[in-house]
Structures are given as C-alpha cells and as structure tokens.
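Student: I keep meeting labels in structure notes. Could we go through some and test each one against its rule?

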Amino acid sequence: MRELHEGIELEKKEREDGPFVWLNWEKWVDRCEQIVRWLDEQVVNTKTGGDTSTNEKWKRLGLVCGVEWPIFRQMVEKYRLWLEEQYGGAQRMNERLVFAHNDVSRNNYKSEHIRLL
C-alpha cells in the first residue's frame, strides 16, 4: 500500500494523529467490548444449557474473538506496542504514514481512504 500511495501528502494533523486504525480502535473499543462480552455470555450459557434453536446456531461458532474479550483486547494492545517499537516509537512510525486505503482494486479509488503504515 505504501508503494502505491506514496506521494500523496498527509496533513500535519493526520500525521500527528497516527494510524487511522488506532483512532478507530479507540473510538469503538468500549462499545465493542460491551457487545462482545454480551455475545460471548450467550455462547457460554448455550454450551452449559444444551440445545440451540435454529435462530441461534451462530452460538456454536464459539467466542466472538476466539478467546475471551480481556485476552483479545490485551493482545491487540500488546501488538500495538510491538508495532511502535518496530518503527522506533510512535513518532517515527507516524513519520512513515501514507495516505491509502485497504484495497488495490482500481474501482476502490473513489471509496473512503484511510492511512496505513
């Protein structure tokens, strides 16, 4: 993505704000936690409670994130710190940001763009 989009300058504030994925994470993580914990509770209760109706077969898939929410959230935060370390800190990582989106398809150049490393 960097190679495809290098040359499109970010505004100063965009660069200072850092990767858009983390801005979205911070914006939504608390609400996601509420929902994921509720859904996971439904899964756990189904496993101990027996039969699942046709409308609730999704519960057989297991925990939403594959592990309990606190473990998932901790791993994401750990990964975020690891990424920053790989780039020599958040500021150095932000210096390398480019204006980009997540898909190289020509048809997506009109879609909403996000910043990537």
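Student: Why is T46 called buried?

Tutor: T46 has 14% relative accessibility. Buried means under 20% relative accessible area, exposed means over 50%, and partly exposed lies in between (1.4 Å probe, protein chains only). So T46 counts as buried, at 14%. Keep in mind that this is a predicted model: local features need pLDDT of at least 70, side-chain atom pairs count only at pLDDT 80 or more, and totals for chains, interfaces and linings use all residues. Residues are numbered from 1 along each chain as its sequence is written, and side-chain values use heavy atoms, with hydrogens and water left out.

Student: Where is T46 found?

Tutor: T46 is in helix 3, residues 20-49. Helices are DSSP runs (H or I, at least four residues), as are strands (E, at least two), and they are numbered from the N terminus.

Student: What does the side chain of T46 reach?

Tutor: It reaches the backbone oxygen of Q42, at 2.8 Å. A polar contact is a pair of N or O atoms within 3.5 Å; within protein, one must be able to donate a hydrogen and the other to accept it, and residues adjacent in sequence count only if both atoms are side-chain atoms.

Student: How many disulfides does a search of the whole structure find?

Tutor: The search finds 0. A disulfide is a pair of cysteine sulfur atoms within 2.5 Å. The closest cysteine sulfur to that of C32 is in C65, 8.4 Å away, so it is too far for a bond.

Student: Are C32 and C65 buried, exposed or partly exposed?

Tutor: C32 is partly exposed, at 34% relative accessibility. C65 is also partly exposed, at 24%.

Student: Which residues make up the largest nonpolar core?

Tutor: It has 7 residues: W22, W25, V29, V36, W69, V76 and L83. Helix 3 gives the most, with 4 residues. The rule asks for buried Ala, Val, Leu, Ile, Met, Phe, Trp, Tyr and Cys residues, joined through side-chain atoms within 4.5 Å.

Student: What makes E16 and K12 a salt bridge?

Tutor: Their side chains meet at 3.8 Å, N to O. A salt bridge is a side-chain nitrogen of Lys or Arg within 4 Å of a carboxyl oxygen of Asp or Glu, so a pair inside that limit qualifies. E16 and K12 are 4 residues apart in helix 2 (residues 12-17), so about one helical turn separates them.

Student: Are E16 and K12 buried or exposed?

Tutor: E16 counts as exposed, at 52%. K12 counts as exposed too, at 65%.

Student: How many salt bridges does the rule give?

Tutor: The count comes to 6. One of them joins D17 and K13, with the closest N and O atoms 3.1 Å apart. Both residues lie in helix 2, 4 residues apart. D17 is partly exposed, at 33%, whereas K13 is exposed, at 54%.

Student: What is the distance in the salt bridge between E33 and R73?

Tutor: The closest N and O atoms are 2.6 Å apart. E33 lies in helix 3 and R73 in helix 4, so the pair ties together parts that are 40 residues apart in sequence. E33 counts as buried, at 18%. R73 is partly exposed, at 24%.

Student: Which residues are linked in a network of salt bridges?

Tutor: D30, E33, R37 and R73 are linked in that network.
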